Amino acid sequence: MDVLYGLVTPFRDIAGSPAFFVEVLIGGVAAGLMYSLVALGFVLIFKASGVFNFAQGVMVLFAALTLVGLMERGVPVVLALGLTVLVMILLAFAIERVVLRPLVNQEHIILFMATIGLTFFLEGFGEMLWGSNVKRLDVGIPDESFMVAGVLVNRLELTAALTAAILVAVLAVFFHGTRIGRALRAVADDHEAALSIGIPLKTIWVIVWSVAGGVAIVAGIMWGAKSGVQFSLSLIALKSLPVLILGGFTSVPGAIAGGLIIGVGEKIGEVYWGPLVGGAIENWFAYGLALVFLLFRPQGLFGEKIIERV
Amino acid sequence: MRVKVLLSVLLALAVAAGPLAAVAPAQDKSIFIPLLVYRTGPYAPSGIPIANGASDYFNLVNERDGGVNGVKIAYEECETQYDTKQGVECYERLKSRSPVLVNPYSTGITYQLIPKAPGDKVVIHSMGYGMTASADGRWFPWVFNFPMTYWSQASAFVKYVGQQEGGVEKLKGKKIAHIYHNSPYGREANPTLEELARKYGFELTLLAVDHPGQEQGATWLQVRRINPNWIFISGWGVMNQVAVKEAASKGFPMDHVIGNWWTGTEADVVPAADGAKGYKSMTFHAPGANFKVHQDILKHVYDKGKGAARREAVGEVLYNRMAINTMLNVEAIRTAMTKYGNKPLTGEQVRWGFENLNLTEKRLEELGMKGMMRPLRVTCENHEGNGLALVQQWDGKKWTIVSDWIEPIREVVRPKLEAAAVEEAKKLSYTMRDCAKEK
């Protein structure tokens, strides 16, 4: 009876305080879009090469470290940002040359393992280069809150949401409205077929890793401004896994939809039903939801259903 | 080809000789202490000043005094990344060098080492962390957690809040939220806070944050809903920085947000910048580099190029904490030497030194630490000692002490601690010793 009461009471709370419920929804949307920013990087690389890039989280960290490291050395924000983009492009070239090229035509699991190695390398290299102390990232985004009709809204979260929306729009145009985007999709569908019609695989890989590096910079700025730039930043990749499972590994809009479902779901779950089980359900709630989705829709909401002849 | 073979042989010889070279110092007349550090990984921002504080203080003792009464301290760092499994591996690896004591610097590692201590005859000093119940020396002769435990800290926090409200009786009806790391460490203060909530009539809300604590949106939404009068935070690593930043960005009065002593370092206030002004935390020692011991460290260690940290990092909160921790280790060894002589000691002898440690105001002055911490007395029954707490506040540039020394509510803490010791000791099949017979 108590359990039943506990399950029902939150609905009464929601009805009793709708303004607070809106605040929870906004918090969920904001958090979800932050997860999506990281998930987008995974999607891009998986879409173009079928490789699950385990190093995406550490790429976010490396990008943020480079940006804040340059700024700490007196480089103006805009120039530091430009240099960080350059560093991420160089990194993409290096990854293609050193990691991917020798592994062409290898099983995906081999490429996946190579990205695990890349994770450890980038983590150690970043630490050696920029140190491991916590760094403040101030790119002029105010982290203040203000009230709108009794609802507390945070400027940083609002900026992150707008940035994610713009990024998705740009990526959608890139994938569907440009020649390179179409070539990326062709490579994703079939490496050999793409090669046979003259699409350069190496160039495509460099481009896609560079774009993923760009997405990592944006995610690094947003997360770095929120929690400071430090090595645990790479752990946010763990939060984007359920987002990918939900949205599908190959869909850009799916990464956003997955992020929103996870973000809003975990906030509502934790705030209203968390106390029933002693709290701290925010982390595993996302994985629980992802597992349920796997049962009924393994390819995710927007992912491609792969049917292979055996 | 020959060059390759020659290089291979040289490499093999170097690998084979490595461990021998490392063992060498333990075989001479020195006392060996392993240092389980975490200079890399997600917790490195906290681990680095801790490791530096230990290294610098041991170097100070060796360089300035020629060791403890002439017996040098040999130490070796082993990287744990704050990971329990790696920490235990480090301990097992360095055990071959006959350590007399170990500072695990992780509650998880401490719990794993406690059952090993009596067999290995290695003293465990978990200063202000680890298993609170092990403060009952009758059940846990090999474990020491002076100068204070988590439970004493929680009671000192409640006492401080009571003082700020005009007396503990004014706590009735007030709301206090405890935001804690969802781990044995983070949960450690909860039973004491619950007991004190019943005793003083305040409304306690416990809010858990899962590791690593990068995203705390839901927690702070609940804080908004509860609107507590005071917030107590037991965090670690990135959880601290995010919590301080969330509190500031939500407009919560920062002087009513108090971290525990692992949630109040220079690194914790970096991301929030000016927003962190006014934030407070518990501590049991003073911050800053204004003590004579710091001048000594700079003169005898840094001026000789043997310093572990940047000069300006000397005096940071966690640096000072570990310097004090190391000083307590050294003074316990010195105490043991009064009974067993000025020579390399065994773990059992050092254990006696820990149990009979009596650090007076005069001795603290001699050590250049007067005012940095309180005098301390450890007994057979009480391995927590008689430590007192302080509250420090971040002014935007540095931590400053803003309270008098706060006596924990011992009449609440000690009985709970003794009951818990019986429970924990049962799990390990320990028997209680009679301290009266050992005096």
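**Exercise 1. Salt bridges between the chains**

Task: State how many salt bridges are counted between chain B and chain A, and describe the one formed by E215(B).

Solution. The count between chain B and chain A is five salt bridges. The model examined here, and in the exercises below, is a predicted one. As a general principle, side chains of opposite charge can pair when their charged atoms come close. The cut-off applied is a side-chain nitrogen of Lys or Arg within 4 Å of a carboxyl oxygen of Asp or Glu. E215(B) pairs with K226(A), and their closest N and O atoms are 3.4 Å apart.

**Exercise 2. The contact between the chains**

Task: Determine how many residues each chain brings to the contact, how much area is buried between chain B and chain A, and which three residues of chain B supply more of its buried area than any other three.

Solution. Begin with the residues: 41 come from chain A and 32 from chain B. Next, take the area. Chain B and chain A bury about 3,000 Å² between them, and 54% of this lies on carbon and sulfur atoms. Finally, consider the contributions from chain B: Q214(B), E215(B) and L221(B) supply 22% of the area that this chain buries against chain A, more than any other three residues. E215(B) is also the partner of K226(A) in a salt bridge.

**Exercise 3. Helices α3 and α4 of chain A**

Task: Describe how α3(A) and α4(A) cross, and classify the residues of their contact.

Solution. The axes of α3 (residues 56-72) and α4 (residues 77-100) of chain A come within 9 Å and cross at roughly 140°. The two helices are therefore oblique to each other. Their crossing is right-handed. On the α3(A) side the contact includes M59(A), F62(A) and L70(A); these and others meet residues of α4(A), among them L81(A), V87(A) and L91(A). By class, the contact has 13 nonpolar, two polar and no charged residues.

**Exercise 4. Helices α6 and α7 of chain A**

Task: Decide whether α6(A) and α7(A) are roughly parallel or roughly perpendicular, and list the residues that make the contact.

Solution. Helix α6 (residues 155-177) and helix α7 (residues 179-189) of chain A pack at about 75°, their axes being 5 Å apart. This angle makes α6(A) roughly perpendicular to α7(A). F174(A), F175(A), H176(A) and G177(A) of α6(A) make the contact with I180(A), G181(A), R182(A), L184(A) and R185(A) of α7(A). These residues divide into four nonpolar, three polar and two charged.

**Exercise 5. Helices α6 and α8 of chain B**

Task: Give the angle and axis distance for α6(B) and α8(B), together with the handedness of their crossing.

Solution. Helix α6 (residues 150-165) and helix α8 (residues 190-200) of chain B pack at an angle of about 35°, with axes 9 Å apart. The crossing is right-handed. Contact residues include W151(B) and F157(B) from α6(B), and L193(B) and Y200(B) from α8(B). The contact divides into seven nonpolar, two polar and no charged residues.

Terms used:
Residues are numbered from 1 along each chain as its sequence is written. Chains are lettered from A and ligands numbered from 1 in the order in which they are written. This is a predicted model: local features need pLDDT of at least 70, side-chain atom pairs count only at pLDDT 80 or more; totals for chains, interfaces and linings use all residues. Side-chain values use heavy atoms; hydrogens and water are left out. Axes are lines fitted to C-alpha atoms, for helices over the stretch in contact, and angles run from 0 to 180 degrees between N-to-C directions. Helices (H or I, at least four residues) and strands (E, at least two) are DSSP runs, numbered from the N terminus. Angles under 35 degrees count as roughly parallel, over 145 as roughly antiparallel, 65 to 115 as roughly perpendicular and the rest as oblique. A crossing is left-handed if the near helix is turned anticlockwise from the far one by less than a right angle, and right-handed if clockwise. Contact means heavy atoms within 4.5 Å. Ala, Val, Leu, Ile, Met, Phe, Trp, Tyr, Cys and Pro count as nonpolar, Asp, Glu, Lys and Arg as charged, and the others, Gly among them, as polar. Buried area is the accessible area (1.4 Å probe) that two parts lose on being put together, summed over both.
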